[in-house]
Amino acid sequence: MGGCCSLAGSSVDPEFYPDSSTAKLAKERNAAIEKTLSLERRMIREAGDTVKLLLLGPSEAGKSTVLKQIQMIYGKMTPQERMSHRHTIVANIITGLHCVRENMTRLNLQFANSEAEEAWLTFQRYAFCMQDLFEQKTTGSLDAGDPLICARRPSRRSSEQAASSCTTASTTIVGTSPTGSAPCDANIRDPRRILQIVASAVQTLYEDPAVQRCLYGGVAINLMESVSYFMAEARRIFDQSYEPTDQDILNARAETQTVIETRAQVNRVPYIIYDVAGARSKRHQWAPYFDDATAIIFVVAISEYDKTLKEDPSVNRVRDAIELFEEIAGHPVFRKTSIILFLNKIDLFKKNIETRPVKQYFPEFDGDNDFTSTTGFFAKLFVQAWERGDNREKQLYTHLTHATDQAACKIAITACTHTIARMQMRGHGIL
């Protein structure tokens, strides 16, 4: 099933069975299951029920990416909505490159040659101009007549924003003056030309060995995993007619600051989906949305088993997620609410365990440091937290997910909608 596998499922994939008779039985069983689910969905629609789905979990777990997947699977993004993501993607590149530069300084890494050093200065000179330009122009291609909002100098606010998600002890962007980056070249007024200049600079930086080490060597701190993806696609992204693809949008990162409400039709059943901010300081916003929740998808990035919270460097991120999950699972309001657990970012998790053994961060783990044993270990930790919440009357549905993989995530989300449909049917006394 690609990048996603379920630890609790009901359907059978005929491709797993080479014998023709077994495959035929599997297909017949799947057809029967789908027929039953189709009947269930029709009865739910007739009952007029609206599913209230909460996306909960710690910060940077991938909740917003799961929401985008649901929107793409069951809805249609307008061209304007798609183009509006350009600003976020450019902002991710700006923030990410400043984060890389900061990590290079921390690790005492230098650019390989003067060409890379010049590319860094060029990037600083023009990057914020592009960010402001994309923020203003959310539709259509860029052309010579589009104004350069900050043709002289980017604002101090923009510089601080780029540093804010990457700083450790310092709040200054490496390589910038106290008042911001170097001013743009006043002689270059055509945004299309500036796009070409920035694209070339980012491409040169991406190919630098020190930058590559920060991106792929596992040595960088607080670096968004999508930065390497966007830098590798710099020439396409900084094209004047650039339109974000689904994969670009799924990789785009924007911290959720409040509660985002989304309405969707899932198999013609109305859903109201709430994506909430996961940072510790934002969790107080969750309570008003707890009442009458039909289901919860709790998302945790198990790839972050080796990282600590930004708010409290003494706390491991996965241990924090387990504690939060236990609190949610044991909350009296959710006694009859379906809870589905997404152990997310398994693609990064597979890479991380190759160089950073789980036992180094979780001494209680005593199995082999392979994918099956380690994911089983983390799943067990969450099941134990579930059981401490006295949830014996309910079943926990757990999925290993890769939220930016469209095909794989669709399997998990489809399984979730089936689970929710069944729980609603039980609530109506039909099952």
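First I wrote down the rule for ring pairs: rings of Phe, Tyr and Trp (its six-membered ring) pair if their centres lie within 6.5 Å, and planes under 30 degrees apart count as stacked, over 60 as edge-to-face and the rest as tilted. I noted that this is a predicted model, where local features need pLDDT of at least 70, side-chain atom pairs count only at pLDDT 80 or more, and totals for chains, interfaces and linings use all residues. Residues are numbered from 1 along each chain as its sequence is written, and side-chain values use heavy atoms, with hydrogens and water left out.

Entry on rings. I found a cluster of ring pairs linking Tyr-305, Phe-349, Tyr-361, Phe-362, Phe-365, Phe-371, Phe-377 and Phe-378. By the rule, the count is 15 aromatic pairs. Tyr-305 and Phe-378 form a tilted pair, because their centres are 6.2 Å apart and their planes are at 40°. Both Tyr-305 and Phe-378 are buried (under 20% relative accessible area, with a 1.4 Å probe and protein chains only). Phe-349 and Phe-378 have centres 5.9 Å apart and planes at 80°, so I logged this pair as edge-to-face. Phe-349 is buried too, at 0% relative accessibility.

Entry on a charge. I saw Lys-350 over the face of Phe-371, 5.0 Å from the ring centre. The rule asks for NZ of Lys or CZ of Arg within 6 Å of the ring centre and within 35 degrees of the ring normal.

Terms used. Buried < 20%, exposed > 50% of the residue type's maximum accessible area, 1.4 Å probe, protein only.
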